[in-house]
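Colleague: I would like to learn how to read a model like this one. Can we go feature by feature?

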Amino acid sequence: MTDSIAKKWLEVRNRLKAPKGRFKLVELDKNALPFEADTTIGIYNDLQNALLVRKWLTDNKSGEGLEYLIYNDNGFVVK
């Protein structure tokens with residue numbers, strides 16, 4: 001069981017990483033099942049564009065439990 005959870009966690013971590021030198025905007029649904037809560041919104045060449053799209057989504061898209069995160073190419077959340 002533990003190996004299965006660890007494997008799923010690594011799959012999610014790798015899925016959230018942006019391509020080298022880019023940024024990935026992801027929608028997280030806090031009401032979804034674990035390991036199935038993320039949807040890629042877009043991949044951007046620079047952080048500024050990802051921030052602009054995230055701001056627009058945050059301001060205009062309603063949804064209880066939705067969060068928008070930006071990941072770098074190391075798989076870490078930025079800003």
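Colleague: Which residues of helix 2 are buried?

Modeller: This is a predicted model, so every value here is computed from it. A residue counts as buried when its relative accessible area is under 20%. In helix 2, that applies to Ala50, Leu51, Arg54 and Leu57. They sit on the same side of helix 2, because they cover an arc of only 130° around the axis.

Colleague: What does the face turned away from that buried side carry?

Modeller: Exposed residues, with exposed meaning over 50%. On helix 2 they are Leu52, Lys55 and Trp56.

Colleague: Which residue caps the N-terminal end of helix 2?

Modeller: Asp46 does. One of its side-chain oxygens lies 3.3 Å from the backbone nitrogen of Gln48.

Colleague: Let us step back to the chain. What pattern does it follow along the sequence?

Modeller: Read the elements in order. The pattern is α-β-β-α-β-β. That comes from two helices and four strands. The C-alpha trace spans about 40 × 30 × 15 Å along its principal axes.

Colleague: How much of the chain is buried?

Modeller: Of its 79 residues, 30% are buried. Take the contacts between residues at least 6 apart in sequence. Of these, 53% join residues at least 24 apart.

Colleague: Now a single residue. Is Glu27 buried or exposed?

Modeller: Compare its accessibility with the 20% limit. Glu27, in strand 1, has 11% relative accessibility, so it counts as buried.

Colleague: Which side chain does the side chain of Glu27 make a polar contact with?

Modeller: The side chain of Tyr68, at 2.8 Å. Glu27 touches other residues too, setting aside those up to four places away in sequence. Among them are Ala37, Asp38, Ile41, Lys61 and Glu67.

Colleague: Where does Glu67 lie?

Modeller: In strand 3. Its relative accessibility is 31%, so Glu67 counts as partly exposed. The side chains of Glu67 and Lys30 are joined by a polar contact of 3.4 Å. Beyond four places in sequence, Glu67 touches Val26, Glu27, Leu28 and Lys30.

Colleague: Where is Ser4, and how accessible is it?

Modeller: Ser4 is in helix 1. At 41% relative accessibility, Ser4 counts as partly exposed.

Colleague: Last feature. How much space lies in the largest pocket?

Modeller: About 260 Å³. It is lined by 16 residues, and the closest to its centre are Trp9, Val12, Leu16, Leu28 and Tyr71.

Colleague: Which element gives the largest share of that lining?

Modeller: Helix 1 (residues 2–16), with four residues.

Methods:
Residues numbered from 1 in each chain as written. Predicted model: local features only at pLDDT ≥ 70, side-chain atom pairs only at ≥ 80, totals over all residues. Heavy atoms only, no water. Buried < 20%, exposed > 50% of the residue type's maximum accessible area, 1.4 Å probe, protein only. Arc of directions from axis to C-beta. Polar contact = N/O pair within 3.5 Å; in protein donor to acceptor, adjacent residues only side chain to side chain. 1 Å grid on protein atoms, 1.4 Å probe; cavity = no way out; pocket = protein on both sides within 12 Å on 5 of 7 lines; lining within 4 Å. Points joined across faces, edges and corners; volume = space filled by probe spheres on them. Contact = heavy atoms within 4.5 Å.
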